[in-house]
Each structure stands twice: as structure tokens, then as C-alpha cells.
Amino acid sequence: MMLRLENITKTFHKGTPNEKHALHDMNFQADDGDFITVIGTNGAGKSTLLNIISGVFMPDAGAVILDGEDITKRKEHQRARHIGRLFQDPMKGTAPNMTIEENLGLAYARGTRRSLSPGIRKKDRVLFRETLAALDLGLEDRMQTKVKLLSGGQRQALTLMMATIKTPKLLLLDEHTAALDPVTAEKVMRITDERIREHKITTLMITHDVRQALQYGNKTVMLSKGRIVFTLGGEQRKNMGPDELVRYYTETAESISDTMLFSVKG
């Protein structure tokens, strides 16, 4: 198995009136090559889950096992050598005042001692152009353009390339298309799916779009109040429609008081 969470618990503002139990004794497993969509209401613990895995937060209890190694106490920058992540905000994940080429150079050098100095090697530049050409966004001809001049969709596509230019052990997608317009979001999602399939990257993707949660990947995990309500896979997932999934969630997660904030798009 590629990723295993063992009895993960996380509480914020412990011992205060604002105490919030974000994750409750959570056990979770992603096998090698799994593409798992993660869905749930606001406050269900989705982003906390990704933050625990990536090292932004340390769990109060439990263990994070990646590719057979216990990484629970490793810092975020140490985990970043093996874990790629995209956020909802297209502004995150890149250096806006650096060029496309320089950003890719930094990503490609991740986990090595080699820096951009004295310059990007010719063979690396060829690789960057080929990688960008696969996006079909024309970015391969704008290598010297500063990232801050790109559109949100272009930046998210670039961030995806940066996160996967060296195939990570794990890719975390935190609603990475939510801030984009529908047409751009669909294109970025298609590129994402192609990239994941091509490189067989174990992936966790948070989404509020129920249709998207069922369309992509091979498993769907539903969270509620810091707990996994259910996991769908195989024929059950294949035969389930978006409306049925929302009904199934409502029936399964008894005593749920959260507002249902799922998007069911046609």
C-alpha cells in the first residue's frame, strides 16, 4: 500500500471554547495507483486530512505511513520531496515573479542539491518545453513569461506540471479547479486526469462537485465531522449517480447537522 493513516486524531484550540475536533481516530488507506476523490460538507475534515498528510499540521495522535515509511514527525518541506500538492487558489504553489522556466527549474531540482545557478541545463529546457506542450495551452512558447502574468487556469496547469515533473509518490489536490470558470476547470481537470493516468500517480482529490467525484478516479471517500462515513469503489461506485450519492450520504451519515454544500452538475 502507498499511504496508510493509523488512528489519526486532530483537535484545534484544545481546552478553549473554540475547541474543534477535526479528525477522530481516523484510519485510511490508499493503495499504489489509487485515484481517490474525497467529498464532504464544510468542516468535515477534508483539508485537515490533506494538511496532516503533507505535514502542515502534526496529528495529536496516530501515524502517517507513506510507501512503508513512518513520516509522522517529518517536516512539510521534507515530505514535499515525495508529495505534490495543488490548492484551490491558483496563486499558491508558484513563484509569481519568476518565469515559467525558472519555476519548472525549481520544481525539477526539488530534493536535490542542484540549484538554478549557474543556469538551467539545455536538456532540462527541452524537457520543460515538452512537458508544457502536453498542456496544449501554448505555454511552451512563453517560457520566459513571469508566472504572475498567467491566467488562473494556466497557472493551475503549470502548478500541476511542477508537482508532477518528477513523479511524486503521492499527489494531493485540494479543490484545485474550484476557483476556475467551468470551461477552464474542465480543461484543467482533463489534463490532471491524463497526467495521473500516464504516470500512475497515487492521488487524493478533494472536491465539492459530486459529479466530478464519481467521474474521476477509482474510489470515493465521504467524510463527515472528522470521520470517514463510507468508501465507494467497484461496481457500486460505477453504477451510482450524483443525486443517488447525495441521498446515500444523507441516509448513511445519521444525525448530520452540516449544511449540504455539494454541487451536483449535469
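Tutor: A contact is counted when heavy atoms lie within 4.5 Å. The model is predicted, so residues are read with these limits: local features need pLDDT of at least 70, side-chain atom pairs count only at pLDDT 80 or more, and totals for chains, interfaces and linings use all residues. Residues are numbered from 1 along each chain as its sequence is written, and side-chain values use heavy atoms, with hydrogens and water left out.

Student: Which elements do the buried residues of α6 pack against?

Tutor: Helices (H or I, at least four residues) and strands (E, at least two) are DSSP runs, numbered from the N terminus. Buried means under 20% relative accessible area, exposed over 50%, and partly exposed in between, with a 1.4 Å probe and protein chains only. In α6 the buried set is A185, V188, M189, I191, T192, D193, R195 and I196. Their packing partners are β3 (35–40), α4 (122–133), α5 (152–164), β7 (170–174), β8 (203–206) and α7 (210–215).

Student: How many Å does helix α6 reach from its first C-alpha to its last?

Tutor: Helix α6 covers residues 182–199, which is 18 residues. The expected span of a helix is 1.5 Å times one less than its number of residues. The expectation for α6 is 26 Å, and the reach of the helix is close to it, at 26 Å.

Student: What radius of gyration does the protein chain have?

Tutor: The radius is taken over C-alpha atoms, and the globule rule is 2.2 Å times the number of residues to the power 0.38. For 266 residues, a compact globule would have a value near 18 Å; the protein chain agrees with this, at 19 Å.

Student: What percentage of contacts between residues at least 6 apart in sequence join residues at least 24 apart?

Tutor: The protein chain contains nine helices and 10 strands, and 47% of its 266 residues count as buried. Among its contacts between residues at least 6 apart in sequence, the share that joins residues at least 24 apart is 68%.

Student: Which residues of α1 are buried?

Tutor: Helix α1 (residues 46–54) is mostly covered, with eight of its nine residues buried. After α1 comes G55, with a positive phi near 95 degrees. The buried residues of α1 are K46, T48, L49, L50, N51, I52, I53 and S54.

Student: Is D25 buried or partly exposed?

Tutor: D25 is found in strand β2 (residues 20–30). Although D25 is not a glycine, its phi is positive, about 45 degrees. Most residues other than glycine have a negative phi. Because its relative accessibility is 47%, D25 counts as partly exposed.

Student: Where is K225 placed?

Tutor: K225 is not a glycine, yet its phi is positive, about 50 degrees. At 32% relative accessibility, K225 counts as partly exposed. Its place is the loop between β9 (219–224) and β10 (227–233).

Student: Which residues does N103 touch, not counting residues up to four places away in sequence?

Tutor: N103 lies in helix α3 (residues 100–108). Its relative accessible area is 1%, so N103 is buried. With residues up to four places away in sequence not counted, N103 touches T94, A95, M98, V147 and M162.

Student: What distance separates the C-alpha atoms of A163 and G93?

Tutor: A163 is in helix α5 and counts as buried, at 5% relative accessibility. Not counting residues up to four places away in sequence, A163 touches G84, R85, L86, R110, P168 and L171. A163 and G93 are 70 residues apart along the chain, and their C-alpha atoms are separated by 8.7 Å.
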